[in-house]
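Dear colleague,

I am passing on the structure we spoke about, and I would be grateful if you could look it over before reading further. My notes come after it.

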Amino acid sequence: METSNNKDKEHKRRVHYSGKYPRRFEEKYKEHSPEKYQDIVEHVIAKESTPAGMHISIMVQEILDFLQIKPGQRGLDCTLGYGGHTRKMLECLQGKGCIYGLDIDPIESEKTVARLRDAGYGEDVFQFRLINFANIDKVSEEAGRFDFVLADLGVSSMQIDNPERGFSYKTDGPLDLRLDPTHGESAAERLHAITRDEFAGMLIENSDEPYAEEIADKVFNLIRKGKPMNTTNELRQAVEEALWKLPKDEKDLMVKKSCARVFQALRIDVNSEFEVLYSFLEKLPEILTPGGRVAILTFHSGEDRLVKKAFKEYYKNGIFNDISTDVIRPSAEECRINPRSKSTKMRWAVMSDQ
């Protein structure tokens with residue numbers, strides 16, 4: 001006779017592929033383990049897709065070429081993510097020096113730190129802090145000034161692909177969108193706390209949505225009627241209904257673009273992304289060594305405008321002695337292999353020696 005203890009310890013079988021290639025995120029366990037199933041991962045990448053639960057780092061070589069990392073230096077990766085950029089920068093240090101990695105996502109950062117530790121990067125060369133990069137001044141108080149800084153402002157593929165995080169309109173899940181799901185309001189809670197006009201303004205300011213008024217009308221008419229707006233599918237359907245008058249030959253494409261912009265606008269608002277970027281840019285000169293280098297990857301026009309304006313102002317005032325005059329974009333080959341890199345813009349700056 002089985003005891004209750006034996007029942008508790010009963011092995012639960014892993015959910016296996018339901019077909020040749022899995023469709024559900026939780027079934028794609030092989031893609032989540034690149035160290036165990038390299039052939040599967042390579043196959044997915046060869047199809048110009050990103051493996052579920054994995055992030056392909058963008059513009060790695062361009063970043064390394066600019067930062068010119070040398071053994072013994074101290075660096076800062078403001079957005080650790082999957083750790084791809086950090087790992088390449090650590091290789092440049094050759095075991096001498098240290099990189100601090102920051103992130104606010106407690107779920108993914110734990111996995112990333114474990115991968116880096118397993119790769120042989122101990123606390124002597126890699127330090128992790130679960131902190132928002134708006135607080136780089138606090139990190140610098142502990143670590144000192146940095147010789148090189150990287151800020152990749154994009155959302156990681158691991159977050160986008162996981163339906164439980166609610167970042168994508170393409171799969172159903174809770175309308176969350178928080179980078180740190182343990183703090184603050186979810187996107188669903190935010191929608192039910194603001195007014196129709198505030199939502200329309202958010203869509204215009206955060207994503208330049210051309211159908212902001214129509215979408216705001218539809219979403220808040222549904223909320224007033226007592227219909228929930230708690231899942232990604234419910235919001236996506238509201239956007240589709242708002243754009244029902246569009247010509248059939250362009251409706252599908254425009255709905256996809258508007259959905260992407262609506263989710264972007266909500267994500268920026270829920271995570272206070274512009275406020276975080278303002279704070280980071282304001283404090284940046286105070287954490288760089290003389291001659292220190294910073295590279296920033298942006299993914300939409302609002303972010304890029306803020307970075308461009310700040311860099312120009314610092315250059316004008318002699319705080320930076322060199323800045324990128326034009327954005328650097330990923331190569332055509334990188335965009336082909338990793339379609340999520342297409343909107344990326346890189347800007348860089350060099351701290352004055354004085």
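The notes below go from the whole chain to one helix and then to some charged pairs.

This is a predicted model, in which local features need pLDDT of at least 70 and side-chain atom pairs count only at pLDDT 80 or more, while totals for chains, interfaces and linings use all residues. Residues are numbered from 1 along each chain as its sequence is written, and side-chain values use heavy atoms, with hydrogens and water left out.

The protein chain has 15 helices and seven strands, where helices (H or I, at least four residues) and strands (E, at least two) are DSSP runs numbered from the N terminus. Of its 354 residues, 51% count as buried; buried means under 20% relative accessible area, exposed over 50%, and partly exposed in between, with a 1.4 Å probe and protein chains only. Among contacts (heavy atoms within 4.5 Å) with a separation of 6 or more, 68% come from residues 24 or more positions apart.

Helix α5 covers residues 106-118, and its 13 residues should span 18 Å at 1.5 Å a residue, which agrees with the 18 Å between its end C-alpha atoms; the expected span is 1.5 Å times one less than the number of residues. Its buried residues are E108, S109, T112, V113 and L116, and seen down the axis of α5 they fall within an arc of 135°, so they line one face of the helix (the arc is that of the directions from the helix axis to the C-beta atoms). On the other side of α5, E110 and D118 are exposed. At the start of this helix, a side-chain oxygen of D105 comes to within 2.9 Å of the backbone nitrogen of I107, and after α5 comes G120, with a positive phi near 100°.

Side chains of opposite charge can pair when their charged atoms come close. A search of the whole structure finds 18 salt bridges, each a side-chain nitrogen of Lys or Arg within 4 Å of a carboxyl oxygen of Asp or Glu. One of them joins K111 and E108 (3.4 Å, N to O), which are three residues apart in α5 and so separated by about one helical turn; K111 is partly exposed at 42% relative accessible area, whereas E108 is buried at 7%. Another joins D269 and R190 (2.5 Å, N to O), a pair that links distant parts of the chain, with D269 in helix α12 and R190 in helix α8, 79 residues apart. Finally, R196, D197, E213 and D217 are linked in a network of salt bridges.

Methods. A polar contact is a pair of N or O atoms within 3.5 Å; within protein, one must be able to donate a hydrogen and the other to accept it, and residues adjacent in sequence count only if both atoms are side-chain atoms.
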